[in-house]
Amino acid sequence: MGAVKAPEIDLSVVDRIIERRGTTADKVIPILQDMQASYGYLPFPALQYLAEKTDITPSQIYGVVTFYAQFRMTPMGKHIIRVCHGTACHVQGAVRVSQAVSDFLGVKDGETTEDGLFTLETVACLGCCSLAPVMMIDSTAYGQLTQAKVRKILTQYLEREKAE
Ligand code: FES
């Protein structure tokens, strides 16, 4: 998988948000929420720029970003893989499913592959427990998974990507 080229970050997005929200430390959460809504994640240069342009210190910013699970500093992949670790799936081997995805793609929970194609996430019950263990890729659910089945499904996605 090839390396990703760092995308250009449009810092005027931050200017517009602080114009609307203000520049004081008590606004840090809504500012970061708006930034994430615009960029899809919180790019490092945009966070640096925020610290330069406001009264909010870098340690206040990183404190909030690392404390709240809603914030992410890496972009989401093109495909989001959600592996269910709810009770039924856990009993049926969800850990092995996650392991198979991790091994196949070389990412841990919450990470995105270097080529930007896949993000792996662990989630609670996906609502189709009778198919446990289950994972969803984007809006498609895959059930009764084994490690071999996981590898087969991911291979199909990769082949489709190559064909595009
Ligand atoms: S516990 Fe996994 S779908 Fe319900």
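Biologist: How many helices and strands does the protein have?
Modeller: There are 7 helices and 4 strands. Both are DSSP runs numbered from the N terminus: helices are H or I with at least four residues, strands are E with at least two. Keep in mind that this is a predicted model, where local features need pLDDT of at least 70, side-chain atom pairs count only at pLDDT 80 or more, and totals for chains, interfaces and linings use all residues. Residues are numbered from 1 along each chain as its sequence is written.

Biologist: What order do the elements come in?
Modeller: Starting at the N terminus, they go α-α-α-α-β-α-α-β-β-β-α.

Biologist: And what box do the C-alpha atoms fill?
Modeller: Roughly 50 × 35 × 20 Å, taken along the principal axes.

Biologist: Which domains does the assignment give?
Modeller: Domain 1 is 12–67 and domain 2 is 79–163. Such bounds come from an automatic or database domain assignment. The C-alpha centres of domain 1 and domain 2 are 32 Å apart.

Biologist: What share of the residues counts as buried?
Modeller: 20% of the 164 residues. Buried means 20 or more other C-beta atoms within 10 Å of the residue's own, exposed means 12 or fewer, and partly exposed is in between, with C-beta atoms placed from the backbone.

Biologist: What about contacts, how many join residues at least 24 apart?
Modeller: 63%, among contacts between residues at least 6 apart in sequence. Two residues are in contact if their C-beta atoms, placed from the backbone, lie within 7 Å.

Biologist: OK, helices. At what angle do H2 and H4 pack?
Modeller: About 65°, with their axes 10 Å apart; H2 is residues 28–39 and H4 is residues 58–67. That makes H2 roughly perpendicular to H4. The axes are lines fitted to C-alpha atoms, for helices over the stretch in contact, and angles run from 0 to 180 degrees between N-to-C directions. For the wording, under 35 degrees counts as roughly parallel, over 145 as roughly antiparallel, 65 to 115 as roughly perpendicular and the rest as oblique.

Biologist: Is the crossing of H2 and H4 left-handed or right-handed?
Modeller: The H2 and H4 crossing is right-handed. A crossing gets that label if the near helix is turned clockwise from the far one by less than a right angle, and left-handed if anticlockwise.

Biologist: Which residues meet there?
Modeller: From H2 you have Val28, Ile29 and Leu32, and they meet Gln60, Ile61, Val64 and Val65 of H4. By class, this contact has 6 nonpolar, 1 polar and no charged residues. Here Ala, Val, Leu, Ile, Met, Phe, Trp, Tyr, Cys and Pro count as nonpolar, Asp, Glu, Lys and Arg as charged, and the others, Gly among them, as polar.

Biologist: How do H1 and H2 cross?
Modeller: At roughly 145°, with the axes of H1 (residues 12–21) and H2 coming within 10 Å. H1 passes H2 in a right-handed crossing. On the H1 side are Val13, Val14, Ile17, Ile18 and Arg21, which meet Pro30, Ile31, Asp34, Met35, Ser38 and Tyr39 in H2. That contact has 8 nonpolar, 1 polar and 2 charged residues.

Biologist: Is Leu126 buried or exposed?
Modeller: Leu126 is buried, because 20 other C-beta atoms lie within 10 Å. Leaving out residues up to four places away in sequence, Leu126 touches Arg82, Cys84, Val134, Met136 and Ala141.

Biologist: What's the phi of Asp138?
Modeller: Positive, about 55°, although Asp138 is not a glycine. Asp138 sits in the loop between S3 and strand S4 (140–142). Asp138 counts as exposed because there are 10 C-beta neighbours inside 10 Å.

Biologist: And the phi of Gln144?
Modeller: Also positive, at about 45°, and Gln144 is not a glycine. Gln144 lies in the loop between S4 and helix H7 (147–163).
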